[in-house]
Amino acid sequence: MSVAFITGAGSGIGRQIALTLAGRGFQIAVTDVNDSNAAETVALIEAQNGTATAFHCDVTELTSVEQAAREVKEKFGSIDVLINNAGWDKIEPFLKSEPATWERIININLMGQIHTCKTILPLMIEQGNGKVVNIASDSGRVGSSGEAVYSAAKGGVIAFTKTVAREMARHKINVNCVSPGPADTPLFKEISEYNTGIAEALTKAIPFRRLAQPEDIANAVAFLATPEADYITGQTLSVNGGLAMV
Ligand SMILES: NC(=O)c1ccc[n+]([C@@H]2O[C@H](COP(=O)([O-])OP(=O)(O)OC[C@H]3O[C@@H](n4cnc5c(N)ncnc54)[C@H](O)[C@@H]3O)[C@@H](O)[C@H]2O)c1
């Protein structure tokens, strides 16, 4: 059975990716900095007869990622799929934002993915195959007011993905991005508190007239995590209801 290591799997999109991959037969390493949320995700997976274990993993700390990867390898024997989902944002005009916020945004959204790739790609090379799906954001493709540093981090994720995909192709490891548009998750609710009316405005602007549900993103991730996507690498797949077409 293939093993998927998912970061930020205690909430929103990450939780749904965990449920979707479990439903497709993966064993799930539910990793998160929030242990009680990770445990809830495990309970949800077990309730649908899937296999999952929770592991503490703060993606901003390389040593925490290394420890989690060791524990997952010990428990499940391999890591076949890495889903870099952990993320965070604070919406505010760039000129009002402060260095502590920039640092947090870049550490979670960009450095986190660098830490997990540095740790887990060598295991995949040893195995002779693997799949990595990095969660970016359309803000990193087309920009988004109030999200300057987050957009920079997510643009960094997209560029990082392309180079790592080139370097990993000889090892039969695929590295791709899924780039969500606005999605109905706890993070988006937090953002909406800063910008009331944003959900209504976006719903009007999105051709499909609704925000993404976590399932919409998880289905795209699941495709890129399976052998059906063996010939796809270095790509960015936007899942945005048509809001941006790039
Ligand atoms: N919701 C949206 O509109 C939207 C749009 C585009 C991209 N995204 C991206 O999708 C991903 C998931 O977002 P979401 O909306 O489900 O958010 P969410 O807040 O619901 O979930 C994020 C998860 O990441 C975890 N996390 C935060 N910091 C962490 C750390 N240092 N180490 C490990 N885990 C950490 C949180 O505990 C949480 O479980 C993120 O990468 C986000 O940037 C979301």
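**View 1. Helix α1 passes helix α2 in a right-handed crossing.** Here, right-handed means that the near helix is turned clockwise from the far one by less than a right angle, and left-handed that it is turned anticlockwise. This is a predicted model, in which local features need pLDDT of at least 70 and side-chain atom pairs count only at pLDDT 80 or more, while totals for chains, interfaces and linings use all residues. Residues are numbered from 1 along each chain as its sequence is written. Helices are DSSP runs of H or I with at least four residues, strands are E runs of at least two, and both are numbered from the N terminus. The axes of α1 and α2 lie 10 Å apart, at an angle of about 25°; axes are lines fitted to C-alpha atoms, for helices over the stretch in contact, with angles from 0 to 180 degrees between N-to-C directions. The two helices are therefore roughly parallel to each other (angles under 35 degrees). Look for R15, A18, L19 and A22 of α1 meeting T41, L44 and I45 of α2, where contact means C-beta atoms, placed from the backbone, within 7 Å. By class, this contact has 5 nonpolar, 1 polar and 1 charged residues. Nonpolar covers Ala, Val, Leu, Ile, Met, Phe, Trp, Tyr, Cys and Pro, charged covers Asp, Glu, Lys and Arg, and the others, Gly among them, are polar.

**View 2. Helix α3 (residues 62–76) and α4 come within 9 Å, axis to axis.** Their axes cross at roughly 30°, which makes α3 roughly parallel to α4. The crossing of this pair is right-handed. On the α3 side you will find L62, V65, E66, A69 and K73, and on the α4 side H115, T116, T119, I120 and L123. Sorted by class, the contact has 5 nonpolar, 3 polar and 2 charged residues.

**View 3. A shell of 30 residues surrounds the ligand.** The closest are G8, G12, G87, T185 and L187; a residue is near the ligand if its C-beta atom, placed from the backbone, lies within 6 Å of it. Two or more shell residues come from each of α1 (12–23), α4 (99–127) and α7 (186–194). The shell divides into 14 nonpolar, 14 polar and 2 charged residues.

**View 4. N49 has a positive phi, near 65°, in a residue other than glycine.** N49 sits in the loop between α2 (35–47) and β3 (51–56). N49 is exposed, with 8 other C-beta atoms within 10 Å (exposed means 12 or fewer such atoms, buried 20 or more, and partly exposed in between, with C-beta atoms placed from the backbone).

Methods:
Parallel < 35°, antiparallel > 145°, perpendicular 65-115°, else oblique. Contact = placed C-beta atoms within 7 Å.
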